[in-house]
Amino acid sequence: MASPTGFIPVRFLLSASLFLLLLPSSLKKGYALKRIETSESRHHTVQVSSLLPASLCNPTTKGSNKKSSLKVVHRNGPCSQLSQDKANTPTLTQILYHDQSRVNSIHSRLAFNSGKTSLQDSQATIPAQSGSMLGSGNYIVTVGLGSPKRDLSLIFDTGSDLTWTQCQPCVKYCYKQREPTFDPSKSTTYSNISCNSASCSQLSSATGNSPGCSTSTCIYGIQYGDSSFSVGYFGQEKLTLTSTDVFDNFQFGCGQNNRGLFGGTAGLLGLGRDQLSIVSQTAKTYGKYFSYCLPSKTSSTGHLTFGKNGVPSTVKFTPLSVNSQGPSFYFIDITGISVGGRQLSISSSVFKTAGTIIDSGTVITRLPPAAYKALRTTFRQQMTKYPMAQPVSILDTCYDLSNYSTVTIPKISFFFSGNLKTDIDLSGTLYVVSASQICLPFAGNSDAADVGIFGNVQQKTLDVVYDVAGGKLGFGPGGCD
Ligand SMILES: *[C@@H]1O[C@H](CO)[C@@H](O)[C@H](O)[C@H]1NC(C)=O
Ligand SMILES: *[C@@H]1O[C@H](CO)[C@@H](O)[C@H](O)[C@H]1NC(C)=O
């Protein structure tokens, strides 16, 4: 049944016009269609001043009262304690540079696993300079580890599986982090995992590296690119998500040699779909079901929620597929894109060629080259009244809006298999460097065979629901501010 790439072969091709024709017959013909497609449904009208970043934290209340829910903050915004350390705050251009490193790592990982390229080729595509698969546009949550519990701020990442934190005594090296480094010798519930345990051997698929062994303690190693890695003891410990959500013997990496661009966080929370991820380890309690909302601004907050509780009925689903090329990744199928109510003409084979993953750690959505070209052309056509500005890094469609108080921006919608239409929030339509440089936050892959990535800018304010056991992924509007 499965095609060679593991995708569900049956797809629904959805064009906006087809969708409208299926509406009740009381709404007749072109006349009615025009009235449905009001200007409001096709554009955002917005004050330019409201697009600029705020310097004070203004936490959202939406979704914050859910059970089993953690507060999500952007690592570099005023709601994050880490942002007080200016040395750890990258510029927007640096964020885009590191984002490309993460994308290159994902592409080479998938290409290598599929046998598309030789080992030598795929290594050559790993960025040579300070590449980090983590990227730097990350969101963090705070969890409790140990007894007594210590609070640790971790990057949450749907693109990897192993959870790890830096650990005392930092045998080789620990980078500077904001919170005190976790010390297992001060916890009554920590224990090492032995080399001959089944979970030790699972490290191979969770990290891509075979585990090591040191005086019968299992050793993990994970690298995110050529400059970021964590190596240490594989251990188990009490994990406290909320006061009522506590897990004994949570398996994690107790990092003794850690380097890279983790920006003052204590480590990483792995939400991938492989066996050692927190999603799999808590499956008995939450049934492999979690959701999150990423805030529209770094000055607001979102949530990461485990379990099925409180998912609004406005959330609609698309099939989630597994792909043997990338067992950690969540694959979805894009079927189309519209801009300002106009369906782009993109052949369906364009999205099928390489498939798409959804990733919490990639900032800018990457599209197949032909799809990005169509998006850019139509967006530019609908923005001709505004003067263009210099490109920024990978973003080639930028505008100088400094002379305007109010602007009208075409709405962008994505269509996914299973008749799911998702409207991208304004915060996912514009990437604001300054009022005189506001860019379309999408980029094209250089190779049509590279996987597409639905990135975190385009996920902002949406409730993003992962029903891993049920094989579906949902999007709902207005999950947070
Ligand atoms: C875990 O294993 C390491 C390496 O063998 C050892 O140094 C450390 O003391 C062990 N920790 C515990 C709590 O057993
Ligand atoms: C903004 O307005 C000023 C004054 O009219 C003009 O000189 C300048 O070229 C305008 N800038 C842009 C980017 O349109």
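This briefing describes the fold, the confidence, the cavities and some backbone details of one protein model. The model is predicted. The protein contains twelve helices and 30 strands, and 54% of its 481 residues count as buried. Its mean pLDDT is 84.

**Overall build**

- Of the contacts between residues at least 6 apart in sequence, 72% join residues at least 24 apart.
- The protein exposes about 19,900 Å², and carbon and sulfur atoms supply 53% of that area.

**Confidence**

- A pLDDT of 70 or more is reached by 84% of the residues.
- Where pLDDT is low, predicted coordinates should not be read in detail.

**Cavities**

- Rolling a probe the size of a water molecule over the atoms shows where empty space is left.
- The structure has four cavities of 30 Å³ or more, and the largest cavity has a volume of about 50 Å³.
- The lining of the largest cavity is formed by Val143, Leu145, Leu152, Leu154, Thr163, Trp164, Thr165, Leu239, Phe250 and Phe252.
- Two or more lining residues come from each of strand 3 (139–145), strand 4 (150–157), strand 5 (164–166) and strand 10 (245–259).
- By type, the lining of the largest cavity has eight nonpolar residues, two polar residues and no charged ones.

**A buried helix residue**

- Ile106 lies in helix 5, which covers residues 92–113.
- Ile106 counts as buried because its relative accessibility is 0%, and the cut-off for buried is under 20%.
- The C-alpha atoms of Ile106 and Gly159 are separated by 8.7 Å, although the two residues are 53 residues apart along the chain.

**Cis peptide bonds**

- Ser147 and Pro148 are joined by a cis peptide bond with omega of about -5°; Pro148 is in the loop between strand 3 and strand 4.
- Gln168 and Pro169 are joined by a cis peptide bond with omega of about 5°; Pro169 is in the loop between strand 5 and strand 6 (191–192).

**Positive phi outside glycine**

- Thr215 has a positive phi of about 35° and is not a glycine. It sits in the loop between strand 7 (212–214) and strand 8 (217–223).
- Thr215 counts as exposed because its relative accessibility is 75%, and exposed means over 50%.
- Thr461 has a positive phi near 70° and belongs to the loop between helix 12 (456–459) and strand 29 (463–467).
- Thr461 is buried, with a relative accessible area of 8%.

Note on methods. Residues numbered from 1 in each chain as written. Chains lettered and ligands numbered in written order. Predicted model: local features only at pLDDT ≥ 70, side-chain atom pairs only at ≥ 80, totals over all residues. Heavy atoms only, no water. 1 Å grid on protein atoms, 1.4 Å probe; cavity = no way out; pocket = protein on both sides within 12 Å on 5 of 7 lines; lining within 4 Å. Points joined across faces, edges and corners; volume = space filled by probe spheres on them. Helix = DSSP H or I, 4+ residues; strand = E, 2+ residues; numbered from the N terminus. Nonpolar A, V, L, I, M, F, W, Y, C, P; charged D, E, K, R; others polar. Buried < 20%, exposed > 50% of the residue type's maximum accessible area, 1.4 Å probe, protein only. Contact = heavy atoms within 4.5 Å. Areas by Shrake-Rupley, 256 points an atom, 1.4 Å probe, with all protein chains shown as cover. pLDDT = per-residue confidence, 0-100.
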